[in-house]
Amino acid sequence: MSQLILVESISPKDAGIIMESPEGSRDLFMSGLFMASNVKNGNSRVYPREEIENAVKFVNGCIEEGRSICGELNHPNNLSIDLERVSHVITEMWMEGDNAMGKAKILNTPMGNILRTLMESGVKVGVSSRGSGEVMEGVVRDFQFVTVDAVATPSAPGAYPNLVRESLENQKVITLAEAVCHDKTAQKFLAKELRAFIDTMLKR
């Protein structure tokens, strides 16, 4: 049986993608559900757990060897990675139950900046895995994982969980606090603004 190109999309609601910014870092990451096993997906295909586990092992092996697994913003219907459309690189992948969870760094590329802007503007993001394999009676075998792409999909208010951006906002606060500690100009500016704020409150 010939290998088929397999593209499987997970909706923003199911993927539950959130945006993260590690403490002390300006890098942005998205993390959530990347692939699911033992369930019939929207294409009426089922991926046995061992197929998804093998994909996770492949990803971690590449990362340990220093190889990059890049993803694109919106997926093409082929297995090639177009470097001009790369928006993120996978940094972690692990199993939680029957699901493959993952984390990807959003890159400072044209497509990465679009992805960043969409997410910061409240656009919910889903994912789309790409690979090849054989399908017999709806069950995928010999799955050869290629990557996970980001699929940005606008959603109705309240339809999906909100993005978590507290860490990003906290990073801005930390940056300002560090500036005040070491920058006399910043200290004077902060003191001036605090005095103005207090005066405004006293006049009420």
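Colleague: What is a pocket here, on the 1 Å grid?
Modeller: A pocket is an open set of grid points with protein on both sides within 12 Å along at least five of seven lines. Lining residues have an atom within 4 Å of a point. The model is a predicted one.

Colleague: What volume does the largest pocket have?
Modeller: The volume of the largest pocket is about 180 Å³. Its lining has 15 residues, and E8, I10, M35, A36 and N41 are the closest to the centre.

Colleague: Which elements give two or more residues to that lining?
Modeller: Strands β1 (4–10) and β3 (28–36) do.

Colleague: How do the residues of the lining divide into nonpolar, polar and charged?
Modeller: Eight are nonpolar, four are polar and three are charged.

Colleague: Let's step back to the whole chain. How many helices and strands are there?
Modeller: The chain has five helices and eight strands. Read from the N terminus, the order is β-α-β-β-α-β-β-β-α-β-β-α-α.

Colleague: And what percentage of the residues count as buried?
Modeller: 37% of the 204 residues do. On contacts, take those with a sequence separation of 6 or more: 65% of them are between residues 24 or more positions apart.

Colleague: How many residues are in the largest nonpolar core?
Modeller: That core has 35 residues, and M93 and F145 have the most contacts inside it. The elements giving it two or more residues are β1, β3, α2 (49–64), β5, β6 (99–106), α3, β7 (124–136) and β8 (139–153). As a general point, nonpolar side chains tend to be buried together in soluble globular proteins.

Colleague: What is M93 in contact with, beyond four places in sequence?
Modeller: M93 contacts F34, M35, V56, V59, N60, A100, M101, G102, F145 and V148.

Colleague: Moving on to S87. Where does S87 lie, and is S87 buried or exposed?
Modeller: S87 is in strand β5. S87 counts as buried because its relative accessibility is 0%, and the cut-off for buried is under 20%.

Colleague: Which side chain does the side chain of S87 make a polar contact with?
Modeller: The partner is the side chain of H88, at 2.8 Å. Neighbours within four places aside, S87 is in contact with G71, E72, L73, K105, I106, L107, T109, M111, G112 and L115.

Colleague: How far apart are S87 and I114?
Modeller: They are 27 residues apart in sequence, and their C-alpha atoms are 8.2 Å apart in space. I114 belongs to helix α3 (residues 110–120) and is partly exposed, with a relative accessible area of 39%.

Colleague: What about V86, buried or exposed?
Modeller: V86 is buried, as its relative accessible area is 4%. V86 is in strand β5, which covers residues 86–96.

Colleague: What does V86 touch, not counting residues up to four places away?
Modeller: V86 touches C70, G71, E72, I81, L107, T109, M111 and G112. V86 and P110 are 24 residues apart in sequence and 8.3 Å apart from C-alpha to C-alpha.

Colleague: Now D149. What does the side chain of D149 reach?
Modeller: The side chain of D149 reaches the backbone nitrogen of E72, at 2.8 Å. D149 is in strand β8 and is buried, with 0% relative accessibility.

Colleague: Last topic, backbone angles. What is the phi of N38?
Modeller: N38 has a phi of about 60°, a positive value although N38 is not a glycine. Most residues other than glycine have a negative phi. N38 is in the loop between β3 and α2.

Colleague: And the phi of E137?
Modeller: For E137 phi is near 55°, also positive in a residue other than glycine. E137 is in the loop between β7 and β8.

Colleague: What are the relative accessible areas of N38 and E137?
Modeller: N38 has 43% and is partly exposed. E137 has 84%, so E137 is exposed, the cut-off being over 50%.

Conventions: Residues numbered from 1 in each chain as written. Predicted model: local features only at pLDDT ≥ 70, side-chain atom pairs only at ≥ 80, totals over all residues. Heavy atoms only, no water. 1 Å grid on protein atoms, 1.4 Å probe; cavity = no way out; pocket = protein on both sides within 12 Å on 5 of 7 lines; lining within 4 Å. Points joined across faces, edges and corners; volume = space filled by probe spheres on them. Helix = DSSP H or I, 4+ residues; strand = E, 2+ residues; numbered from the N terminus. Nonpolar A, V, L, I, M, F, W, Y, C, P; charged D, E, K, R; others polar. Buried < 20%, exposed > 50% of the residue type's maximum accessible area, 1.4 Å probe, protein only. Contact = heavy atoms within 4.5 Å. Core = buried A, V, L, I, M, F, W, Y, C linked by side-chain atoms within 4.5 Å. Polar contact = N/O pair within 3.5 Å; in protein donor to acceptor, adjacent residues only side chain to side chain.
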